[in-house]
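Subject: Structure handover and findings

Hello,

Here is the structure for you to open. My notes follow below it.

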Amino acid sequence: VTASPMIIINEDFILVGNEARTNLVDFIKKAGEAIVYDKEVLKNLLKQGEAARVIELCEKDERCLYSLVELLKAEELFTRIGVMRVFEELAEKSTLVEKILPSLIEMLNNAKDERDRGDILYLLGIIGDPEITSDIEKAVENDSPVIKEIAYEAIEKIKQRKSLQ
C-alpha cells in the first residue's frame, strides 16, 4: 500500500487517494467484465510502479501496446516515463513492440509539442528499424535544431543496434 485510501480489485485494478472515490464504480465494472486493460487501468498500474506487470500484460495481449501509445500523450510526467520504460524493456525482450512503429510515426507526424516529438523520436531510436529512418528524416525536416539532433541520435541508435545483430 502506497497511499490511503487504496483499493485493489483483481490484482490489476488499483485506485489510490481521490481516484478511489471518483472512479470506483467504473473500475468495479471493468474488473467484473472480461478483463479490460484500457489506458486508465494501465496508467494506474504505472503510477503504482507496476511496470513489470504492464509488460506482462502487453506480452499476453498486444492491444495493451496501443493503449500505452495513447498514454504517451498523458500530461503526467510519471505516466509518460513509465510508458517509455515499458517500451524500452519490451524492446530488449522481444520484437513485439515493433508493431507500434506505424502508430509512433503517425504520432510524430501529428505532434506539435517539442516534448512530444522528442519523446517519440527517443522511442523510435530504441525500437525502430532501418526502414523507418527516411520517415524520421522527413518528419523533422522543418523542426528546430534540438529536434533534428534528437532525430539524428535516434537514427544512429537504430543503425548501431542493427549492425550489432
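Which residues does aspartate 129 touch, not counting residues up to four places away in sequence? They are Glu98, Leu101, Ile158, Arg161 and Lys162. Touching, or contact, means heavy atoms within 4.5 Å.

Two notes on the source. This is a predicted model, where local features need pLDDT of at least 70, side-chain atom pairs count only at pLDDT 80 or more, and totals for chains, interfaces and linings use all residues. Residues are numbered from 1 along each chain as its sequence is written, and side-chain values use heavy atoms, with hydrogens and water left out.

**The chain overall**

The chain has 10 helices and two strands. Helices (H or I, at least four residues) and strands (E, at least two) are DSSP runs, numbered from the N terminus. In sequence order the pattern is β-β-α-α-α-α-α-α-α-α-α-α.

Of the 165 residues, 45% count as buried. Buried means under 20% relative accessible area, exposed means over 50%, and partly exposed lies in between (1.4 Å probe, protein chains only). The accessible surface is about 9100 Å², and 51% of that belongs to carbon and sulfur atoms. Areas come from the Shrake-Rupley method with a 1.4 Å probe; for residues, only the protein chains shown count as cover. Take the contacts between residues at least 6 apart in sequence: 55% of them join residues at least 24 apart.

**The loop between H8 and H9**

Aspartate 129 lies in the loop between helix H8 (114–127) and helix H9 (133–139). Its relative accessibility is 15%, so aspartate 129 counts as buried. Glutamate 131 is in the loop between H8 and H9 too. Is glutamate 131 buried or exposed? It is exposed, because its relative accessible area is 67%. Glutamate 131 and isoleucine 158 are 27 residues apart in sequence. Their C-alpha atoms are 9.7 Å apart in space.

**Helix H5 and its cover**

Helix H5 spans residues 63–71. Its buried residues are Cys64, Leu65, Ser67, Leu68, Val69 and Leu71. What covers them includes helix H3 (39–47), helix H4 (51–60), helix H6 (77–93) and helix H7 (101–110).

Phenylalanine 87 sits in helix H6. With a relative accessible area of 0%, phenylalanine 87 is buried. It touches Leu65, Leu68, Val69, Leu72, Val97, Ile100, Leu123 and Ile127, not counting residues up to four places away in sequence. Phenylalanine 87 and isoleucine 127 are 40 residues apart along the chain, with 7.9 Å between their C-alpha atoms.

**How the helices pack**

Two packed helices are described by the angle between their axes and the distance between the axes. Here, axes are lines fitted to C-alpha atoms, for helices over the stretch in contact, and angles run from 0 to 180 degrees between N-to-C directions. Angles under 35 degrees count as roughly parallel, over 145 as roughly antiparallel, 65 to 115 as roughly perpendicular and the rest as oblique.

Start with H4. Its buried residues are Ala51, Arg53, Val54, Ile55, Leu57 and Cys58. They pack against H3, H5 and H6.

H4 and H5 pack at about 130 degrees, with axes 6 Å apart. The two are therefore oblique to each other. Val54, Leu57 and Cys58 of H4 meet Cys64, Leu65 and Leu68 of H5. This contact of H4 with H5 has six nonpolar, no polar and no charged residues. Ala, Val, Leu, Ile, Met, Phe, Trp, Tyr, Cys and Pro count as nonpolar, Asp, Glu, Lys and Arg as charged, and the others, Gly among them, as polar.

H4 and H6 pack at about 55 degrees, with axes 10 Å apart. That makes H4 oblique to H6. On the H4 side, the contact uses Ala51, Val54, Ile55, Cys58 and Glu59. On the H6 side, it uses Arg85, Val86, Glu89, Leu90 and Lys93. Those residues divide into six nonpolar, no polar and four charged.

H3 and H6 cross at roughly 95 degrees, and their axes come within 9 Å. That makes H3 roughly perpendicular to H6. Lys43, Leu46 and Lys47 of H3 meet Phe78, Thr79, Gly82, Val83 and Val86 of H6. The contact of H3 with H6 has four nonpolar, two polar and two charged residues.

Best wishes
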